[in-house]
Amino acid sequence: MAQVQLHGVTVALGGRDVVREVSAEAAAGELIVIVGPNGAGKTTLLRAIAGLVAPRAGTVRVLGHDPLRAPRRVIARELAYLPQRYELAFPFAVEEVVLLGRYARQRGLGLAGDADLAAARDAMAACDVAHLTTRRFDELSGGEARRVILAQALCQGARCLLLDEPTAGLDPAHARAIFAMLRAHCDAGATAIAVTHDLDLALRHGGAMWLVAEGRLAARGAPGAVLATAETRAAFGLAIHVGALPSGVPFAVPA
Amino acid sequence: MSGFLVGSAGRLTLPRLALVLAICAGVTGACAALAPLIGTVVDRGGWHVAVMGLGAFDPGSPDHAILWVRIPRVLASLLVGGALAGAGCALQALLRNPLAEPFTLGISSGASLGAVLAIRLGVETVFGFAGLGGAAMVGATATLLAVWRLARIGKQLPPATVVLAGIAMSMFCSSASSLIQSTSDFTEVNHMVQWMFGSTETVRLVAVGYGALPIAAALIVLIGYARELNALSAGAEVAASLGVAVGRTQTVIFVTSSLLVGAAIAVVGPIGFIGLIVPHALRALLGPDHRLLLPASILGGAAALVVFDTLARTIIPLHHLPTGAVTAVVGVPFFIAILLRRKQRAAMWGGG
């Protein structure tokens, strides 16, 4: 069953259609990578799926819920969203930031219980930030902060993950580890939709690729095939060469 | 155990919450008990500050009457200090702005305008204190709403525009208040001026009684939203994706904070900067988790205003200064210091 269903989704921002008639679905266990040039509407598409912006037309369903209508608390248990930009107004410690992810699963005072702590521990280990637990979030490097926010999203315990450039600002080793972790997460039954400009990682780890250009879903399919299409060349204004290392690991470079 | 009481090195635990709040409550209680015993006396040796013994609490003691003159203003300070600090703390999280405060947001001026208008139109003579208080609350809410609308750029509330909008509204409201004063008769003006000083000097026990219920209720509502305030620190969109019903939460916090400020100002007149100084100092001390910070700010604000009020009536011989003047003398440099801190300056102009 498709966990995320989009039907004719059109989103207007400031009177301009930024996302146009996108119809697609993501099934349980799928890791979908969204690629496309800057300003193509990738972020807006993710925000529409997350219920953070209302489509002008079309429908969005996440595990059967309309994310705009269902209570946010219900949606947050099923769907986590990693924004591109994240700014905290106050100097929370890393562990506090990660535990904010448990909001939708806590009641009353919301003091962390055993389940919350276990989820936070697992998420911090998965994102390699366990050693930062007591550090102040505002004093972290960009890449460290990115991983902490990702841990917050994972900590939500949602079956669907929407990630806007999860590896932006990460060093190559951490970027690869994050995609490998997402892959493992999806193999365990989760669904992840990740916007990325990291074509190599998208090619290696993505189960399917959506190419978004000028708000439209211009191509979709296996990453290697999508990257080789004429649509991809037109969208980026250059051809993407897909090859394989001697070890058999595929790579993608602008030709 | 370092970092258990002071600083934020990790998540909040029940023992830490209980212990820190117990200490805050103890300090506040001690301030409240000591304050009415402290006062100035004039004798042949001149003027000096004198502390009465605990015996003054005995109804038979000659000092008992003096004690009862001071008690209403101590109670008023507790109530108003807690309300202003609680509202300041909540507004800072809601607007994601360390400079947000009833005074800097222009809410105090709005409440004053409401009260001045009530005096001018005779609402107060018909409905008494409730009329004045109601008008102050309406003024507070309307101003906060106006600041919110003015400062909003798209869906963002950049801290700098919030402060600018607050200043603009503040200037508008004080000009309007002056205009109303200039068309009022002598007794009305006298009443307005006395009230606008922001002083606990003339507060009556009955006003404290009127203010206590709405303020206590509003503070309890705010504390109930402490977790939402934490989530909102990361912005409305992140809070929504974490599961917060953002629209409802923002409305409740806005209305509740305005109500608090309006009620507090109705009791003693405009008193500034308690809502800025106390949450800021406690955040540096205890960390930013609002489940701890908000109740601690309420208790701390109560204690701080009692201390400021006691200073106001003892610092200059035979003159009772308006409490609001004393808090402003301390508060304005504090405000400027925060403004000049480099990190926050970058955050302010960086928007978000």
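A: A crossing is called left-handed if the near helix is turned anticlockwise from the far one by less than a right angle, and right-handed if the turn is clockwise. This is a predicted model, in which local features need pLDDT of at least 70 and side-chain atom pairs count only at pLDDT 80 or more, while totals for chains, interfaces and linings use all residues. Residues are numbered from 1 along each chain as its sequence is written, and chains are lettered from A and ligands numbered from 1 in the order in which they are written. Helices (H or I, at least four residues) and strands (E, at least two) are DSSP runs, numbered from the N terminus.

Let us begin with the helices of chain B. The crossing of α13(B) with α14(B) is right-handed. The axes of α13(B) and helix α14 (residues 323–340) of chain B come within 8 Å and cross at roughly 110 degrees, where axes are lines fitted to C-alpha atoms, for helices over the stretch in contact, and angles run from 0 to 180 degrees between N-to-C directions. The two helices α13(B) and α14(B) are therefore roughly perpendicular to each other; angles under 35 degrees count as roughly parallel, over 145 as roughly antiparallel, 65 to 115 as roughly perpendicular and the rest as oblique. On the α13(B) side the contact is made by Phe308(B), Asp309(B), Leu311(B) and Ala312(B), and on the α14(B) side by Thr323(B), Val326(B) and Thr327(B), two residues being in contact if their C-beta atoms, placed from the backbone, lie within 7 Å. By class, this contact of α13(B) with α14(B) has four nonpolar, two polar and one charged residues. Here Ala, Val, Leu, Ile, Met, Phe, Trp, Tyr, Cys and Pro count as nonpolar, Asp, Glu, Lys and Arg as charged, and the others, Gly among them, as polar.

Helix α13 (residues 290–314) of chain B also meets helix α2 (residues 64–95) of chain B, their axes coming within 7 Å and crossing at roughly 140 degrees. That angle makes α2(B) oblique to α13(B). The crossing of α2(B) with α13(B) is right-handed, and their contact has 16 nonpolar, eight polar and two charged residues.

Now for the strands of chain A. Three strands form an open sheet in the order β2-β1-β4 (chain A), with antiparallel pairing, and two strands pair if DSSP finds at least two bridges between them. The edge strands are β2 and β4 of chain A, each of which pairs on one side only, and the twist averages 20 degrees from one strand to the next. Strand β1 (residues 2–13) of chain A is joined to strand β2 (residues 16–27) of chain A by eight bridges, and in this pairing Val9(A) stands opposite Val22(A). Strand β1(A) also pairs with strand β4 (residues 57–62) of chain A over five bridges. Gln5(A) stands opposite Glu25(A) in β2(A), and in β4(A) the bridge partner of Gln5(A) is Arg61(A). Finally, helix α1 (residues 42–50) of chain A lies across β1, β2 and β4 of chain A, running at about 120 degrees to β1(A).
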